[in-house]
Amino acid sequence: MIERREGWEGNDRANEGERDLFPQLKPGVEILDAKTKDKLCFLDKVRPLHKYYPQWYAARQSIRLDPKGKSLKDEDVLQHLPVGTTATFYFRDLGAQISWVTVFLTEYGGPLLLYLMFYFRVPFIYAPKYDFTTSKHWVVHLACMCHSFHYLKRLLETLFVHRFSHGTMPLRNIFKNCTYYWGFAAWMAYYINHPLYTPPTIYGEQQVRIALIIFLFCQVGNFSIHIALRNLRPPGSKTRKIPYPTKNPFTWIFLLVSCPNYTYELGSWFGFTLMTQCLPVAFFTAVGFIQMTVWAKGKHRSYLKEFRDYPPLRSPILPFVL
Amino acid sequence: MSAPAMGTTKTAHSDVAPKKKRGPGALATAYLVIYNVVMTAGWLVIAVGLVRAYLARGSYHGLYYSIEKPLKFFQTGALLEVLHCAVGIVPSSVVLTGFQVLSRVFLTWAVTHSVREVQNEDSVLLFVSAWTITEIIRYSFYTFSLLNHLPYLVKWARYTFFLVLYPMGVTGELLTVYAALPYVQKTGLYSVTLPNKYNFSFDYHTFLILTMVSYIPLFPQLYFHMMRQRKKVLCHVEEYKTE
């Protein structure tokens, strides 16, 4: 429902230099293309945009008040927007979209399967005489269990734990993300499961033991954070609240860090690096650390912007440091 | 792509539209002028060195040795340009500039310097000449631009010579890498094999082949980007008179 207003004050069409096709103060919603300013449609009844343009399903639509401005949210109500008698919105096509769940399942399923292929030494990876053989080092079996557990956990969390803010992301992301995850998984798995693999030599068995403890600790930690974040948000909602430590000691890290899920994730991979003593794993950990730091800083900044009373002691990802 | 590092859209675009942008301060401008003058001079030294060596020997063969040191010095010095972008005194992308400079430095050190046997190849002369002419024009272009006194000839040269120099340079580079392959394979240069303590391996020979393959998607993109820039810059000259 659109408010009726006298005169042209609320009406920003005069500034845009558009031809007034409807000189009377006709109530309704018009949608213009953000780039070309062509009038795409005029909605005077409640009828969704994609009835006129079926290829632009809801997830692809970016509707905004200003051609260069931010998108309006699904929850925004027309009545509360600063628009005139005829509301003018600008439309931008976000491109083909794909659901977050689909992307996560694909990008995590790949590493799980690929690693196992290398572990079981499927033909054409290593020399034929090694086909379907198993490594003689127990750390290699341990590493396979840890890696598989990690990605299985991620898959299950995607299906049962996470509550996503956005339904979809651009389709091209799935190619980018899968290349990253699958590529690195294959690279790491190749060396760890290689017939010429050398188990940790610096501190040997002790190193592997400590690494395993770090890995498991951080896996539990990471899971605890995911549960805590899930519980902040009632089912089906997209509310955002400040996360706080709960009874679970693994969440007490919230006192010092905004995104402890990334902190624990870094810890897990650090543990895995130590366990396998494999340079490609170290690279993967380093790249992941850089990316997660970028995300953590962004998240930290939006927390600060959104909440006046955000705890000042917290750092984005590493206590006191980063 | 080691071919004429012509800079990015932003640098070229500033020739077309004299829009208000907060450029480098006075001190930064002075520094950049000195930098670009020094680089122009350096590549002129290389050019002169090549000509003199050719006249002295009477053949194109083995001219690399006569300019080896200044080539290494001034090409490596171009790494400073990445710093300029990072600090913000040059409005180009750090990534793009970094990529271009690194590919040049890679060819200079990791291929030509490292594989002694290719230093006598004519392909080396091919890319060195292409680089030399390109860089002389490019650095003079920047110098004049900074001083707000860009002769049309220099602008024209910068956006026209690449049409020949870019393919010339790319050809020289590819032929040089190709020539290096057998020696790299034979000696296992820069390669690491299993087993080792860090469970890592690297085959430089394969890496070089992949580098050559990467020219296939990259070169056309960069070349056509430059052609688009050329159209934009040179065809708008009637609208924006440059002194």
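How many residues does helix α2 of chain A have, and how far does the helix reach from its first C-alpha to its last? Helix α2 (residues 100–119) has 20 residues and reaches 29 Å, close to the 28 Å expected at 1.5 Å a residue. The expected span is 1.5 Å times one less than the number of residues in the helix. Helices (H or I, at least four residues) and strands (E, at least two) are DSSP runs, numbered from the N terminus.

This is a predicted model, in which local features need pLDDT of at least 70 and side-chain atom pairs count only at pLDDT 80 or more, while totals for chains, interfaces and linings use all residues. Residues are numbered from 1 along each chain as its sequence is written, chains are lettered from A and ligands numbered from 1 in the order in which they are written, and side-chain values use heavy atoms, with hydrogens and water left out.

**Helix α2 of chain A**

- The buried residues of α2(A) include A:Val103, A:Phe104, A:Glu107, A:Leu112 and A:Tyr119. Buried means under 20% relative accessible area, exposed means over 50%, and partly exposed lies in between (1.4 Å probe, protein chains only).
- These buried residues pack against β5 (97–99), α3, β6, α4 (172–192) and α6 (260–276) of chain A.
- Just after α2(A), A:Arg121 takes a positive phi of about 50 degrees.

**Transmembrane regions in the record**

- An unreviewed UniProt entry places the feature "transmembrane region" at residues 98–118, 177–196, 208–229, 250–272 and 278–296 of chain A. UniProt positions are given in the numbering used here, feature names are shortened, and annotations may be inferred rather than shown by experiment.
- For residues 98–118 of chain A, the end C-alpha atoms lie 30 Å apart, and the span is 90% helix and 10% strand.
- For residues 208–229 of chain A, the end C-alpha atoms lie 31 Å apart, and the span is 100% helix and 0% strand.

- A:His226 sits in helix α5 (residues 204–231) of chain A. A:His226 counts as buried because its relative accessible area is 12%.
- Not counting residues up to four places away in sequence, A:His226 touches A:Glu157, A:Val161, A:His162 and A:Asn261. Contact means heavy atoms within 4.5 Å.
- A:Phe164 is in the loop between α3 (138–160) and β6 (168–170) of chain A. A:Phe164 counts as partly exposed because its relative accessibility is 23%.
- Leaving aside neighbours within four places in sequence, A:Phe164 is in contact with A:Trp100, A:Val101, A:Phe104, A:Thr158 and A:Arg233.
- A:Phe164 and A:Arg230 are 66 residues apart in sequence and 9.4 Å apart in space, C-alpha to C-alpha.

**Chain B as a whole**

- Chain B has 9 helices and 0 strands.
- Of its 243 residues, 48% count as buried.
- Among contacts in chain B between residues at least 6 apart in sequence, 78% join residues at least 24 apart.

**Nonpolar cores**

- The largest nonpolar core has 38 residues, and B:Trp43, B:Leu50 and B:Val128 are among those with the most contacts inside it. A nonpolar core is a set of buried Ala, Val, Leu, Ile, Met, Phe, Trp, Tyr and Cys residues joined through side-chain atoms within 4.5 Å.
- Helix α6(B) gives the most to this core, with 9 residues.
- Leaving aside neighbours within four places in sequence, B:Val128 is in contact with B:Leu50, B:Ile67 and B:Leu71.
- Apart from this core lies another, of 33 residues, including A:Leu112, A:Ala143, A:Phe184 and A:Tyr191.

**Salt bridges**

- The structure holds 8 salt bridges over all chains. A salt bridge is a side-chain nitrogen of Lys or Arg within 4 Å of a carboxyl oxygen of Asp or Glu.
- A:Lys153 forms a salt bridge with A:Glu157, with the closest N and O atoms 3.3 Å apart. Both residues lie in helix α3 of chain A, 4 residues apart, about one turn of the helix.
- A:Lys153 counts as buried at 8% relative accessibility, and A:Glu157 counts as buried at 3%.
- B:Glu135 forms a salt bridge with B:Arg104, with the closest N and O atoms 3.4 Å apart. B:Glu135 lies in helix α6 and B:Arg104 in helix α5 of chain B, so the pair ties together parts that are 31 residues apart in sequence.
- B:Glu135 also forms a salt bridge with B:Arg138, with the closest N and O atoms 3.0 Å apart.
- B:Glu81, B:Arg104, B:Glu135 and B:Arg138 are linked in a network of salt bridges.
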